[in-house]
Amino acid sequence: MAPPVGFLPAPNFAGFVTADGQASILVAELPADSAPVIATLFNDLPSARQHFATQGVEVDRLHSIVADGIAVPVAVGRQAAHGRVFDKWVALYQGHRTVLVTIQAPAAHALAQPAALAALSSVTLGSPASLDEALAALPFHATAQPPFRVIDTLAGAGMLMMAGERDVDPDGRQPRVIIGSQLSLPVGSDDLARLSRVLIGGTREIQQGTPLARQAVAFGGIEGERVTGSLPDGGRYVHYLALWPGRRYVRLVAMFPPDSDAKTYDAVEAIARSVRFKD
């Protein structure tokens, strides 16, 4: 990718950032099986608006560009956060890889749309990264503990761990851990409890659960929050969250089937203790 003038390779995430740290380009590789579903979000303006609104992004219009010989949909809009308004361009690339590229810049930064679209048009899709390469590109460290193993990275900003024989478990019969991070706060708030409720409510696997307890805990190297709850099938979930006010957050979601044992719960606690943002 040839970024706009003033953008340099980011030191702690996959993408680019300006010297003042105010504007960024996030490059996220997506699981291959997610491409058909994500593509539908760009089918029409109502679909795009509905989806991105859950992330606090107001979509104004959709564009279509050509990059690396393929048609690429681009959602264009803005997001209010931390007392400022950010212009955003989100492009979806589908080929032998599926990649989401997001350009974000404060409105005052005056990044012109032609420059943003030109950068998005310059993207070419290389060979898929190895799992070790993908893990190294994440903005955080985390260590798997038996019986969990790392399965894959998620959108360049998350990690999936699974316990059990299968690597793919669409029925949710195996314990799983998802760790994710974001370099901005989606609801424009530094309120830890509020952000935790928003993230839990937006997570399909646990949004129908019932919170049972909230507790202040150390997570990600700083003070965080842990929420434990029950799931409709009789299983349990735990949600860890830590945020750096005005900057970024990291969270861990673990889901336990009803027959999960104490060793599995202990392993998740050990994984949570290992999570650290990279400098």
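I began with the S14–S15 pair: strand S14 (residues 236-244) and strand S15 (residues 248-256) run antiparallel and are joined by nine bridges. Strands here are DSSP runs of E of at least two residues, helices are H or I runs of at least four, and both are numbered from the N terminus. Two strands count as paired if DSSP finds at least two bridges between them. In this pair, I found His239 opposite Val253 of S15.

The model is predicted, so I noted the conditions: local features need pLDDT of at least 70, side-chain atom pairs count only at pLDDT 80 or more, and totals for chains, interfaces and linings use all residues. Residues are numbered from 1 along each chain as its sequence is written, and side-chain values use heavy atoms, leaving out hydrogens and water.

Next I traced the sheet. It is open, with seven strands in the order S9-S10-S11-S15-S14-S13-S12 and antiparallel pairing. Strand S9 (148-154) and strand S12 (210-219) are the edges, each pairing on one side only.

I then looked up the cores. A nonpolar core is a set of buried (under 20% relative accessible area, 1.4 Å probe, protein chains only) Ala, Val, Leu, Ile, Met, Phe, Trp, Tyr and Cys residues joined through side-chain atoms within 4.5 Å. The largest has 25 residues, of which Val177, Ile179 and Leu252 touch the most other members. S10, S11, S12, S14, S15 and H6 each supply at least two of its residues. A second, separate core of 23 residues includes Trp89 and Val123.

Last, I checked Leu252. Beyond its neighbours within four places in sequence, its contacts (heavy atoms within 4.5 Å) include Phe219, His239 and Ile271.

How values were computed
Buried means under 20% relative accessible area, exposed over 50%, partly exposed in between (1.4 Å probe, protein chains only).
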